[in-house]
Amino acid sequence: TDVQVGIDKIDFYTPNHYLDLVDLAQARGVDPNKYLIGIGQSKMSVAALDQDIVAMGANAAEPMLTEADRQEIGLLVVATESGIDQSKAAALFVQDLLGLTNNLRAIEIKEACYGATAGLQLACDYVRSHPGRKALVIASDIARYGLDTPGEVTQGAGSVAMLVACDPGIIAIEPESLYESRSTGDFWRPNYSAEAFARGKFSEEVYVGMFEGLWNKARKQGMARPESLQALLFHIPFSKMGRKGLRTLGDGTITEADYERLTERFERSIVYGREVGNIYTGSVYLALISLLENDESLNPGDRIGLFSYGSGSVAELYFATLMPGYRARLEPQRHQALLESRERLSLTEYEAMFSAKLVTDGSEQEIKHSDCRDDAPHYLAGMKGHERQYR
Ligand code: CAA
């Protein structure tokens with residue numbers, strides 16, 4: 001059918017504390033340029049205990065939903081690799097906090113950083129088969145590798161919320177896309193660990209290899225004519241990673257003019273991510289917001305590509321078109337303010353915040369509300385009898 005489906009609204013949330021990576025470099029005895037240039041990151045958001053993936057996810061979605069949206073949402077997906085429960089979906093807590101109806105499917109999806117793309121494609125299929133209804137997809141994660149580890153500089157915290165609908169206001173997603181799944185041991189987090197394990201260099205190889213494979217396939221099938229692509233977005237665990245993906249096209253694979261245009265747009269897609277850090281499932285969608293809010297030269301009708309990668313590993317390359325009026329749906333000023341209003345942590349404060357833990361013995365714990373900004377009403381208020389208490 002001709003009906004267009006895609007992202008109608010999009011928003012993000014990140015906690016109100018950050019660590020400056022120059023401070024981290026100094027503390028770890030590393031040249032700051034390794035982080036600023038070698039890794040390509042400037043700051044990372046740090047989540048206090050009250051901003052878990054449920055609270056962050058609800059905070060990301062709250063500002064953009066109208067009462068009509070809330071009535072029409074028939075599918076709610078929370079994609080995360082920082083799950084808070086082995087059984088109950090995080091989406092059920094979010095449904096409650098957002099005041100959605102009970103007439104919906106609420107589920108959680110996991111496949112590392114790829115989960116939100118699985119959710120988004122599921123949402124598009126849902127909307128195509130349920131005209132008149134909408135789907136809400138929330139990507140929410142806290143990236144943790146541990147203090148003084150090679151991955152430490154690539155941590156971060158935040159959520160992206162996307163409302164999927166017919167005749168979308170921001171991007172229409174093409175139904176045909178390319179994907180690949182292949183079991184790899186590049187990155188994982190066993191149930192008993194709060195921190196991820198990674199074979200760092202190997203994970204970079206798998207990422208780049210899967211991108212090249214899908215890109216070449218898309219070229220063969222006529223889906224990725226570079227001259228018709230105005231931007232190519234990448235999963236951004238840290239900006240150098242996306243740059244490495246993009247650079248594979250610079251070896252004469254595409255014309256210089258096409259490569260230059262994609263590189264310019266890539267720079268705008270990493271503006272927000274450089275400040276927030278890795279938010280796993282949400283990273284490629286934060287890159288989308290960053291591109292649309294920091295680029296003056298894109299126009300409705302322009303075609304963009306999105307490369308999603310989740311360790312383990314699943315990757316997908318798909319394409320979308322910017323919709324008329326998309327600029328009016330964006331909120332660059334509010335997002336700028338969200339990033340600028342964050343409090344800078346000293347290294348000691350960061351380490352204390354990183355090490356803070358919820359009780360695990362069923363006792364009662366009260367948690368301090370750390371983010372009192374007006375547009376972030378939701379938080380984890382405490383623990384009671386092994387259950388999280390949200391407000
Ligand atoms: N000035 C400029 N650059 C410098 C520098 C300096 N003074 N010193 C070092 N560098 C550069 C290095 O040359 C290197 O650049 P290239 O990668 O372009 O070669 C870069 O800084 C990183 O330095 P190292 O090679 O020494 O790497 P490291 O041991 O610090 O580890 C890492 C880097 C592997 C990314 C590590 O941070 C890590 O394991 N991160 C977590 C895993 C990860 O994010 N993997 C990405 C792919 S998997 C994925 O995408 C899913 C996901 O979200 C996790």
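This is a chat about the predicted model shown above.

Visitor: Before we start, what kind of model is this, and how are residues numbered?
Guide: It's a predicted model: local features need pLDDT of at least 70, side-chain atom pairs count only at pLDDT 80 or more, and totals for chains, interfaces and linings use all residues. Residues are numbered from 1 along each chain as its sequence is written.

Visitor: Okay, where does UniProt place the "active site"?
Guide: The unreviewed UniProt entry places that feature at Glu81, Cys113 and His235. UniProt positions are in the numbering used here, feature names are shortened, and annotations may be inferred rather than shown by experiment.

Visitor: Where is Glu81 found?
Guide: Glu81 is in the loop between strand E4 (73-79) and helix H5 (90-98). Helices (H or I, at least four residues) and strands (E, at least two) are DSSP runs, numbered from the N terminus.

Visitor: Is Glu81 buried or exposed, and why?
Guide: Glu81 is buried because 26 other C-beta atoms lie within 10 Å. The cut-offs: buried takes 20 or more other C-beta atoms within 10 Å of the residue's own, exposed takes 12 or fewer, and partly exposed is in between, with C-beta atoms placed from the backbone.

Visitor: Which residues is Glu81 in contact with?
Guide: Leaving aside neighbours within four places in sequence, Glu81 is in contact with Lys110, Ala112, Gly115, Asp141, Arg189, Tyr280 and Thr281. Contact here means that the two C-beta atoms, placed from the backbone, lie within 7 Å.

Visitor: And what about His235, where does that one lie?
Guide: His235 lies in the loop between strand E12 (231-234) and helix H8 (239-247). His235 has 31 C-beta neighbours inside 10 Å, so it counts as buried. Not counting residues up to four places away in sequence, His235 touches Cys113, Ser283, Val284, Phe307, Ser308 and Tyr309.

Visitor: Switching to the ligand: which residues come nearest?
Guide: Of the 27 residues around the ligand, the nearest are Asn33, Lys34, Gly38, Gly200 and Pro237. A residue is near a molecule if its C-beta atom, placed from the backbone, lies within 6 Å of it.

Visitor: Which helices supply residues of that shell?
Guide: Helix H2 (32-39), helix H7 (200-220) and H8 each supply at least two. By class, the shell has 12 nonpolar, nine polar and six charged residues. For those classes, Ala, Val, Leu, Ile, Met, Phe, Trp, Tyr, Cys and Pro count as nonpolar, Asp, Glu, Lys and Arg as charged, and the others, Gly among them, as polar.

Visitor: What about UniProt's "binding site" feature, where is that?
Guide: The unreviewed entry places it at Asp31, Tyr145, Lys244 and Asn278. Lys244 lies in helix H8, and its 16 other C-beta atoms within 10 Å make it partly exposed. Leaving aside neighbours within four places in sequence, Lys244 is in contact with Glu204 and Val208.

Visitor: And Asn278, buried or exposed?
Guide: Asn278 is buried, with 29 other C-beta atoms within 10 Å. Its place is in the loop between H10 and H11. Beyond neighbours within four places in sequence, the contacts of Asn278 are Ala143, Thr154, Gln155, Gly156, Pro237, Phe238 and Ser283.

Visitor: Where does Gly282 lie?
Guide: Gly282 lies in the loop between helix H10 (271-276) and helix H11 (283-294). Gly282 counts as buried because it has 37 C-beta neighbours inside 10 Å. The C-alpha atoms of Gly282 and Ile236 are separated by 9.2 Å, and the two residues are 46 residues apart along the chain.

Visitor: Which residues does a cis peptide bond join?
Guide: Gly312 and Ser313, with omega about 5°. Ser313 is found in the loop between strand E13 (303-310) and strand E14 (314-322).
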